[in-house]
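This report goes through some local features of one protein chain. Look at the sequence and the structure first, then read on.

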Amino acid sequence: MADVTAQREAETELKRVMGPWLLLLFIIGDILGSSVYALTGKVAHEVGGAVWVPFVVSFLVALVTAMSYLELVTKYPNAAGAALYTHKAFGIQFFTFMVAFAVMCSGITSASTASRAFAANFAEAFNLDIGTGIVVTVIALAFMAVIAVINLRGVSEGVKLNVVLTCVELTGLLIVIGIGCWALGAGDGDFGRITEFDTGDRTAVGGVIAATTLAFYAMVGFEDSVNMAEECKQPSRIFPKVLLAGLTVTVVVYVLVSITAVALVPVPELSQGDTPLLQVVRVGWPSFPTHVFAYISMIAVANTALINMLMASRLLYGMAKQGVLPRALGRVHSGRRTPYIAILFTTLLALFLIAFVSEVPELGGTTALLLLAVFTIVNVTVLVLRRDRVEHEHFHTPTALPVIGALTCGFLVTPWTDRNPQQYTIAGILLAIGVVLWGVNQLLIRYLHAEPPAAEPPAE
């Protein structure tokens, strides 16, 4: 009987295929994402030539929060990430549901946006005159369907594809850095710009804070990796070094890219349009085949979509196992060992969003806003869960860091950072949809005279 029980438990678990190198490339690919290819100019518009400063500040805020994630993921090496930790800390299903919904919305919406960006870059790469209408939508829908097939196939295939996409994505950024170094070495450009602050009516500090709320979107992504903990080999051992290494690599790349960009291209020109790095390449190496960057950008956004859909499906799977969401979302395919119901559900949501997500302004800032609110909660849960002991060894972050993380992330959520009010409106609408869904679910449970499934005991 014990053997049968063990077999059934094994059949509901995900397949552990990610070692330290696959996890490292997953983290780097997720953090770099598609944002760096368009974000540098927008950050420069907020702060001036010292564009690298907000990236460094964002890295420090992310690093403090990452330390909290490290304690939690090594203590509870299961899927679901922030929602799981919230559930264990407070045990309030509504609160847990809203945290999970916020994280899922950020991932699915980001993936949907990336799908439309993929379609636009696809058209540019192959010189197709398709405008922005139905053809772009069809290409984006087809692309999302391909992502779903890869996700259903297995996490091994997904993370191996992520390795290829991340290498191409990183190569594009190294090309920008290399071109910049060559041009600057030849006497082109002006390094003096990198210390100039142009913050308009704001003070230098106010400009850096406003730019940080935007630059922070470029540093999110590391939290997606904790949702993959159940598919990592020895997560309690490998996560600390791998996550910190991934964050360090990405901030070095960001700083070098931003310094190169500002030194070669004046800020007013850099902040115009959505392709600032393409301007850097044109100035630094006029004969370089710039259409190559259309392919690189296409690959970058493809990687963003893949990683976000992997994360979103694992989050739903993990919460279903904890009893917060219907058990059906926790079903695992007997052959592929993938959470196929959760994958299908998140894919359907993404397909629905693709039809109109391009019409939503301030999406990147809204995503960062939602995740900063989640990070505030995660930093608090570390302190709450200190009373919960586990038998295995795990990472311990100094107590001061979660406190600092909660205060800084909480501050960056407030209007005092001069955040665009539209971001609060969009976030409020998304969370309101979550409240409605929660209410409908509760009504269905009562109507069917069924009790919600009991939560599983904490991981030992």
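Just after helix α5, Gly-91 takes a positive phi of about 65°. The model is a predicted one, and the angle is computed from its atoms.

Helix α5 itself covers residues 81-90. How many of its 10 residues are buried? Nine of them are, so α5 is largely enclosed by the rest of the structure. The buried residues are Gly-81, Ala-82, Ala-83, Leu-84, Tyr-85, Thr-86, His-87, Lys-88 and Ala-89.

Is Thr-381 buried or exposed? At 0% relative accessibility, Thr-381 counts as buried, because buried means under 20%.

In soluble globular proteins, nonpolar side chains tend to be buried together.

A positive phi also occurs at Asp-418, with a value of about 65°, although Asp-418 is not a glycine. Asp-418 lies in the loop between α16 (400-413) and α17 (421-447). At 45% relative accessibility, Asp-418 counts as partly exposed.

The table lists the two residues described above by their relative accessibility.

| Residue | Relative accessibility | Class |
|---|---|---|
| Thr-381 | 0% | buried |
| Asp-418 | 45% | partly exposed |

The last topic is a pair of helices. The axes of α7 (residues 134-153) and α13 (residues 292-321) come within 10 Å and cross at roughly 55°. The two helices are therefore oblique to each other, and α7 passes α13 in a right-handed crossing. On the α7 side the contact is made by Phe-143, Met-144, Ile-147, Ile-150 and Asn-151. On the α13 side it is made by Ala-302, Ala-305, Leu-306, Met-309, Leu-310, Ser-313 and Arg-314. Sorted by type, the residues of this contact divide into nine nonpolar, two polar and one charged. An α-helix has 3.6 residues a turn, so residues three or four places apart point the same way.

Terms used. Residues numbered from 1 in each chain as written. Predicted model: local features only at pLDDT ≥ 70, side-chain atom pairs only at ≥ 80, totals over all residues. Heavy atoms only, no water. Axes fitted to C-alpha atoms, helices over the stretch in contact; angles between N-to-C directions. Helix = DSSP H or I, 4+ residues; strand = E, 2+ residues; numbered from the N terminus. Parallel < 35°, antiparallel > 145°, perpendicular 65-115°, else oblique. Left-handed = near helix turned anticlockwise from the far one by under 90°. Contact = heavy atoms within 4.5 Å. Nonpolar A, V, L, I, M, F, W, Y, C, P; charged D, E, K, R; others polar. Buried < 20%, exposed > 50% of the residue type's maximum accessible area, 1.4 Å probe, protein only.
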